[in-house]
Amino acid sequence: MDEICSGDQLVLLSKLLNPSERDSDSDEDDLVPSRRAPVTPASFSVQNPQQKVCQTVQKLKENFPRTLEEWEALEEVNNEELETRKRPEYRISYKQEVKVEDVFLQMTNKTSATSSCEDMTITIDLPEETCNVDRMDLKTTDQKIDLETPIYRLKIPLPHQIDPDRKKAAWNPDKKELILTLRMKRELDFVNF
C-alpha cells in the first residue's frame with residue numbers, strides 16, 4: 001500500500017474496526033480529557049491533494065477519445081440520450097428508369113426486382129410540423145440520413161449505399177411530407193444495368 005496514515009488516524013481506524021474495546025454509554029467517557037487532535041474531515045485524508053488530481057487526470061486521459069471516429073461516436077451517444085423530439089413515420093420505396101427498349105423490346109437486363117432499381121425514395125410524414133422548409137435541417141451521407149425539425153428528429157441508416165452528390169428533396173405542404181430521392185450506389189450495378 002502506498003497510503004501512509006498518521007498515528008491519530010490509526011487509533012481512530014482501530015476504534016472504528018473494534019468498537020467492543022471501550023463500548024460504554026456512560027457520561028464518564030465524555031468527561032475524560034483527550035490528548036489526541038480533534039477528528040475533522042481533513043484527518044481522514046490519506047492522500048496528498050496533488051496525488052488525487054494526478055489520478056483524476058490519468059482517468060480522464062484513459063477515457064478520452066483519441067480519434068475523430070471516437071469523438072463522433074461519443075457525440076452521437078450523448079445526442080441520442082438527450083433527444084426529446086418525436087420520431088416521424090417514413091416509407092422506403094424503390095424507383096427505376098424504364099425506357100421504351102425496356103418495356104417493348106426487352107433489350108436490357110432490367111427486371112421488376114429491386115436489384116434493377118436506380119433510386120431509393122424515402123417519404124417522411126411530418127403531420128404536426130408548422131415550420132417552413134428553411135428551418136428543417138437535412139444531412140445525408142452515403143450510409144445514413146439525419147433530419148432535424150423543431151418537432152421531429154429522424155436519424156436512420158440506409159439499406160443501400162447512396163451517391164451523396166445525386167439526391168433530391170421535395171416538400172409537399174398539403175400532405176406535410178418530405179420526399180427524398182436518393183441515387184443508389186451498389187457494387188453490382190454494372191451487372192444489373
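**Notebook: the second largest pocket and its strands**

I began with the lining of the second largest pocket, which consists of Glu72, Glu75, Glu76, Asn79, Lys139, Thr140, Thr141, Lys144, Asp146, Glu148, Arg153 and Lys155. Helix H4 (68–82) and the strands E3 (137–140), E4 (144–148) and E5 (153–157) are the elements that give two or more residues to this lining. The model I am reading is predicted, with local features needing pLDDT of at least 70 and side-chain atom pairs counting only at pLDDT 80 or more, while totals for chains, interfaces and linings use all residues. Numbering runs from 1 along each chain as its sequence is written, and side-chain values use heavy atoms, with hydrogens and water left out.

My working terms for this pocket come next. On a 1 Å grid over the protein atoms alone, a pocket is an open set of points where a 1.4 Å probe fits, with protein on both sides within 12 Å along at least five of seven lines, and lining residues have an atom within 4 Å of a point. Helices (H or I, at least four residues) and strands (E, at least two) are DSSP runs, numbered from the N terminus.

I looked up the volume and found about 270 Å³, taken as the space filled by probe spheres set on the points. H4 gives the most to the lining, with four residues. I then sorted the lining by type and got no nonpolar, three polar and nine charged residues; Asp, Glu, Lys and Arg count as charged, Ala, Val, Leu, Ile, Met, Phe, Trp, Tyr, Cys and Pro as nonpolar, and the others as polar.

Next I followed the strands. E3, E4 and E5 form an open sheet in the order E3-E4-E5, with antiparallel pairing. E3 and E5 stand at the edges with a single partner strand each, so one side of each has no neighbour in the sheet. Two strands pair if DSSP finds at least two bridges between them; E4 and E5 are joined by five. I noted that Lys144 has Pro157 in E5 as its bridge partner.

Then I checked Thr140, which lies in strand E3. Thr140 is buried, at a relative accessible area of 16% (buried means under 20%, with a 1.4 Å probe and protein chains only). Its side chain makes a polar contact of 2.5 Å with that of Lys167 (a pair of N or O atoms within 3.5 Å, one able to donate a hydrogen and the other to accept it).

Last, I looked at E6 (residues 162–172) and E7 (residues 177–184), which run antiparallel and are joined by seven bridges. They form a hairpin with four residues between them, and Lys176 in the turn has a positive phi of about 55°.

Note on methods:
Buried means under 20% relative accessible area, exposed over 50%, partly exposed in between (1.4 Å probe, protein chains only).
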